[in-house]
Amino acid sequence: MTQPEFRVASFADLTTDQLYAVLRLRVDVFVVEQECAYPELDGRDDEPTTEHLWVDVGGEMAAYVRVLDDGDGARIGRVVTAQGHRGHGYAAQLMGLALERIGNRRTEIGAQVQLEQWYARFGFERSGPDYDEDGIMHLTMIREA
């Protein structure tokens with residue numbers, strides 16, 4: 001098996017092929033697989049402080065995470081693994097890398113409710129009630145500084 005390569009880039013540093021792979025993976029999983037029609041292009045990907053983290057396996061984007069700077073803290077989102085690459089721990093490794101890059105800052109995530117325990121292992125705690133986001137139940141989780 002090809003060794004995974006972990007990559008980080010700002011929007012400006014993404015190549016056209018990398019940007020296409022990011023958007024395709026997110027749409028394939030969130031919109032098509034999860035049958036959730038929502039505004040995937042939310043205007044935050046190209047913010048100067050946004051970081052795109054992904055795992056490349058043999059030239060294929062296997063998993064991806066987006067880190068947003070919210071001023072007083074950070075936000076992790078778009079945590080996704082390609083169907084054919086699940087079960088290798090790539091998303092967990094990306095979460096670790098994202099938290100390293102964020103450092104000692106308050107971090108928020110809007111987690112799908114079935115993943116509450118998965119995010120808890122990274123120090124995130126529930127912060128409020130469940131809510132419906134585009135037909136999928138979510139909850140806000142916070143990791144304090």
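User: How do I judge the length of helix H2, and how many residues does H2 have?

Analyst: First, this is a predicted model, where local features need pLDDT of at least 70, side-chain atom pairs count only at pLDDT 80 or more, and totals for chains, interfaces and linings use all residues. Residues are numbered from 1 along each chain as its sequence is written, and side-chain values use heavy atoms, with hydrogens and water left out. Helices (H or I, at least four residues) and strands (E, at least two) are DSSP runs, numbered from the N terminus. The expected span of a helix is 1.5 Å times one less than its number of residues. H2 has 13 residues and reaches 18 Å from first C-alpha to last, close to the 18 Å expected at 1.5 Å a residue.

User: Which residue follows H2?

Analyst: Glycine 103 does, and its phi is positive, near 75°.

User: Which residues of H2 are buried?

Analyst: Buried means under 20% relative accessible area, exposed over 50%, and partly exposed in between (1.4 Å probe, protein chains only). In H2, the buried ones are Tyr90, Ala91, Ala92, Leu94, Met95, Leu97, Ala98, Leu99 and Ile102.

User: And how do I read a core? Which residues touch the most other members of the largest one?

Analyst: In soluble globular proteins, nonpolar side chains tend to be buried together. A nonpolar core is a set of buried Ala, Val, Leu, Ile, Met, Phe, Trp, Tyr and Cys residues joined through side-chain atoms within 4.5 Å. Here the largest has 26 residues, and Ile76, Val79, Tyr119 and Phe124 touch the most other members. Elements giving two or more residues to this core include strand E4 (74–81) and helix H2 (90–102). H2 supplies the largest share, nine residues. Another core, of 14 residues, lies apart from it, with Val29, Phe30, Tyr38 and Ala82 among them.

User: What does alanine 62 touch?

Analyst: Contact means heavy atoms within 4.5 Å. Alanine 62 sits in strand E3 and is buried, at a relative accessible area of 0%. Setting aside neighbours within four places in sequence, alanine 62 contacts Val55, Val57, Val80, Thr81, Ala82, His85 and Tyr90.

User: Why does glutamine 18 count as buried?

Analyst: Because its relative accessibility is 18%. Glutamine 18 is found in helix H1 (residues 16–33), and its side chain reaches the backbone nitrogen of threonine 15 at 2.9 Å. Leaving out neighbours within four places in sequence, glutamine 18 is in contact with Arg7, Asp13, Trp54 and Met61.

Technical notes: A polar contact is a pair of N or O atoms within 3.5 Å; within protein, one must be able to donate a hydrogen and the other to accept it, and residues adjacent in sequence count only if both atoms are side-chain atoms.
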